[in-house]
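Keep the 3D view open as you read.

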Amino acid sequence: MISLETVTQIYHQPLLSLIFEAQSIHRQHHQVDAVQMCTLSNIKSGRCPEDCKYCPQSARYPTEVENYPLLPLEEVITQANEAKQHGATRFCMGAAWRNAPDGEEFDRVLQMVEAVAGMGLEACVTMGMLRPDQAQRLAKAGLTAYNHNLDTSESFYPEIITTRTYRDRLDTIKHVAEAGIQVCCGGIVGMGETDSDRIDLLHTLANLTPQPESVPINALSPVAGTPFGDLEAINPLVLVRMVATARILMPKAVVRLSAGRDRLTVSDQALCFLAGANSIFSSEKLLTTANPDWQDDVEMFEKLGVKPKELSLQP
Ligand code: SAM
Ligand code: DTB
Ligand code: SF4
């Protein structure tokens, strides 16, 4: 059990020492200068019944996202092939559902997972709450990881989402881990939370058993129409602090610099990599929001001397 005091001390140490410690730990557990590229596909867009205040896909807010039902299998296969050609080694399929459906839609998601895994890509899905039997079927189909974020601290959570609880989220994470699927679980900074909320979130993540194999750190992408549409951009150094603390607390995890990269400079991102981030989402779009395009990332990698991480070289 990692204590709250330990997390607080790590998080609040002088930034340069924090980055140095994180980089030292990073080098013990990971390939240096390799960053995994993941590509997102929005396999079912919009009209979600949940009220997550950050999310453009909630049906409750007047946003301008495209709405469409679950994509056909062939379209997802085409997207996964393109992602692979660009050097992505993980393909993440996101669906704007409160919980995983049953019936034909779930069967189609299983086919997508089988197809993506069959291409030699890591397959990740995020589609809301999951029952144990659904998790087991996804595991059988070859799913590498399931993404389900805690988003923020337990105490700040009710300010962000009221339609399901922190406990619900922890239950889904448990079902995923018990089915033998890797847990991808992280959060968002820039929603008006305090340092203490960020510390609580990291404390909860680091004490999950097992620790998550994958930790996405998102910077809020404010979208017009959502309750958070007018929030100011987070200071990038907060993101760096968050990444570094996650790296120290969860040495083996892949820490993913996720939403909000389009508002970060290459230098901001370099600091995040130095702090232990070793994955990004690449492609012009995340689920619905802007992202640097493929060419921007190629140029950034060249500038920093970073290589896309190949699967065979992963620990
Ligand atoms: N509906 C599923 C769920 O909520 O678990 C899956 C998709 S949901 C879009 C996945 C994650 O994306 C959320 O948990 C949240 O952390 C992140 N996210 C959504 N909108 C975001 C935004 N505007 N800025 C940053 N992160 C966001
Ligand atoms: C995660 O933590 N970040 C990714 C992935 N998991 C699904 C999604 C970010 C979505 C940002 C908002 C959008 O593009 O709609
Ligand atoms: Fe729905 Fe997921 Fe968006 Fe929440 S984050 S509104 S559950 S798509």
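The chain holds 10 helices and 10 strands. Its radius of gyration is 18 Å, close to the 20 Å that the globule rule gives for 315 residues, so the chain is as compact as a globular protein of that length. Keep in mind that this is a predicted model.

Now the overall dimensions. Along the principal axes, the C-alpha atoms fill a box of roughly 50 × 40 × 35 Å. Burial comes next: 57% of the 315 residues count as buried. Then look at the contacts in sequence terms. Take those between residues at least 6 apart in sequence. Of these, 76% join residues at least 24 apart.

Helix H1 covers residues 4-12, and helix H8 covers residues 236-249. The two pack with their axes 9 Å apart, at an angle of about 135°. Angles over 145 degrees would count as roughly antiparallel, and 65 to 115 as roughly perpendicular. The angle here therefore makes H1 oblique to H8. As for handedness, H1 and H8 cross in the right-handed sense.

Which residues make the contact? H1 supplies Val7, Ile10, Tyr11 and His12. From H8 come Val238, Arg241, Met242, Thr245, Ile248 and Leu249. By class, the residues of this H1 and H8 contact divide into 7 nonpolar, 2 polar and 1 charged.

Notes:
Residues numbered from 1 in each chain as written. Chains lettered and ligands numbered in written order. Predicted model: local features only at pLDDT ≥ 70, side-chain atom pairs only at ≥ 80, totals over all residues. Heavy atoms only, no water. Axes fitted to C-alpha atoms, helices over the stretch in contact; angles between N-to-C directions. Helix = DSSP H or I, 4+ residues; strand = E, 2+ residues; numbered from the N terminus. Parallel < 35°, antiparallel > 145°, perpendicular 65-115°, else oblique. Left-handed = near helix turned anticlockwise from the far one by under 90°. Contact = heavy atoms within 4.5 Å. Nonpolar A, V, L, I, M, F, W, Y, C, P; charged D, E, K, R; others polar. Rg over C-alpha atoms; globule rule 2.2 N^0.38 Å. Buried < 20%, exposed > 50% of the residue type's maximum accessible area, 1.4 Å probe, protein only.
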